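These are my notebook entries on one protein model, kept in the order in which I looked things up.

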Amino acid sequence: MTGSQDGLDGLQTPCLLLDEGKLSANLASMRAQVERHGVTFRPHLKTAKSIDVARMAMTCPDGPATVSTLKEAEYFAERGVRDLTYAVGIAPHKLDRVGATRSRWGADLAVALDSLAQAEAVAQWSRATGDRLPVFIEVDPDGHRSGVKPGDADLLRGIGATLAEGAELRGVLLHAGESYGLSDPEALAEAAEGERRAAVQAAETLRAAGLTCPVVSVGSTPTARHARHLDGVTEVRAGVYMFGDLVQAGIGSCAVDDIAVSVLASVIGHRPDKGWIITDAGWMAMSRDRGTAAQPVDQGYGIVCDRAGRPFENLIVAQANQEHGVLALRKGSGAERPDLPVGTLVRILPNHACATAAQYDRYHVLDGEGRLHAEWPRINGW
């Protein structure tokens, strides 16, 4: 296919491209993996932030789905997604907004928390409004971020008993974030098993205290990919698997060729004395995420591809200013720097799909032949 046939010449750069064929393959692969374990799949829409992508990712038009902001919850609920989990610890002042989303669109929007103070606020709000708010207790399986320790039985029971005074305890929710620092398949399988064990332990503690815990929810893209079994778990959440990125490729959760999003950029200059090619996609276009710097292969700010998505040998975005991307060969590489005249279009694969996509308000969608065929809006904000 010649450049004039792919439709990219009419786009303003930098902009965000989405390969629909790769997206579909990634969705099918994860769905099959979760179905193999016989549990519910609740895709996380924090990466996509688009109803067009959500409708492809969800098993039913009304969900289930996971969100990371209340703006996402409102956006998806308005468009018919009713079964939603807001998987970020709830701040008390946001409860009225949660309630408005539930009442206005009839959404079954659940929240998460990990403290007695939050539980007391939710229970009080539920009693005052008559809205029995469904709640997940967030459990920390690996010390990555927030959550109740799975062995802290007193806190688990205390939160559960407090919620019972007005709200609904729906279950426990975990995210094995430390898996993002792994790459060995055996270590990833162990991380998935640690997440599962922590989830089951917390659920059993609650049930032994006479508290209901119908949902046991776990999820990260690496652990979802590498779980050996999910006995005792009822649902899996994952999000970045939809698009993939260089961090996930470094972990082993996808291949570089599976990455469905890229930033289209234009060559705007050269510094032959430094071996640089300059583009109009700096860190505002790519994000400042340098997640691969801690991995065995540092991909800079992204791998550089031609306009058809084929990577140039060892060419990366080595440096980035606000609006300037500096392309250079990987240090120590014997590759030959490609001849990319001013005006040449290149595609850059991102380190972190969520962070890069957040810079844009739409996807320019490519079909299976690499031709531009649609534009899908996406949202940002909180």
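**Entry 1, conventions.** I call a residue buried when its relative accessible area is under 20%, exposed when it is over 50%, and partly exposed in between, with a 1.4 Å probe and protein chains only. The model is predicted, so I note that local features need pLDDT of at least 70 and side-chain atom pairs count only at pLDDT 80 or more, while totals for chains, interfaces and linings use all residues. Residues are numbered from 1 along each chain as its sequence is written, and side-chain values use heavy atoms, with hydrogens and water left out.

**Entry 2, the link between E186 and R228.** I looked up this pair under the salt-bridge rule, which asks for a side-chain nitrogen of Lys or Arg within 4 Å of a carboxyl oxygen of Asp or Glu. E186 and R228 form such a bridge, with their closest N and O atoms 2.5 Å apart. The two residues are 42 residues apart, E186 being in helix α8 and R228 in the loop between α9 (221-226) and β9 (235-236), and the pair thus links distant parts of the chain. Are its two ends buried or partly exposed? E186 counts as partly exposed at 46% relative accessibility, and R228 is also partly exposed, with a relative accessible area of 43%.

**Entry 3, other charge pairs.** By the rule above I count 25 salt bridges. In helix α8 I found R196 and E193, three residues apart, about one turn of the helix, with their side chains meeting in a salt bridge at 2.8 Å, N to O. Both are buried: R196 at 12% relative accessibility and E193 with a relative accessible area of 14%. The side chains of R102 and D108 meet in another salt bridge, at 3.7 Å from N to O; here R102 is buried at 15%, whereas D108 is partly exposed at 28%. I then saw that R102 and D108 belong to a network of salt bridges that also links D131, E168 and R170.

A nonpolar core is taken here as a set of buried Ala, Val, Leu, Ile, Met, Phe, Trp, Tyr and Cys residues joined through side-chain atoms within 4.5 Å. The largest one has 95 residues, and L163, M242, F243 and Y363 are those with the most contacts inside it. Helix α8 (residues 185-208) gives this core its largest share, six residues. I also listed the contacts of L163 (heavy atoms within 4.5 Å): apart from neighbours within four places in sequence, its partners are L113, A119, V122, V135, I137, E168 and L169. A second, separate core has seven residues, among them L8, L17, L264 and L345.

Rings of Phe, Tyr and Trp (its six-membered ring) pair if their centres lie within 6.5 Å, with planes under 30 degrees apart counted as stacked, over 60 as edge-to-face and the rest as tilted. The structure holds three aromatic pairs. One of them joins F243 and Y363 edge-to-face, at 5.6 Å centre to centre with 70° between the planes. F243 lies in the loop between β9 and α10 (246-251) and Y363 in strand β16 (residues 362-366), so the pair ties together parts 120 residues apart in sequence. F243 is buried at 0% relative accessibility, and Y363 is buried with a relative accessible area of 0%.

I next asked for charges over rings, meaning NZ of Lys or CZ of Arg within 6 Å of the ring centre and within 35 degrees of the ring normal. The charged end of R288 sits over the ring of W283, 4.0 Å from its centre, and that of R290 sits over the ring of Y301, 5.3 Å from its centre.

Just after α4, G80 takes a positive phi of about 100°.

With a disulfide taken as a pair of cysteine sulfur atoms within 2.5 Å, the structure holds zero disulfides. C305 is in none, the nearest cysteine sulfur, that of C254, being 13 Å away. C305 counts as buried at 1% relative accessibility, whereas C60 is partly exposed at 37%.

Technical notes. Helix = DSSP H or I, 4+ residues; strand = E, 2+ residues; numbered from the N terminus.
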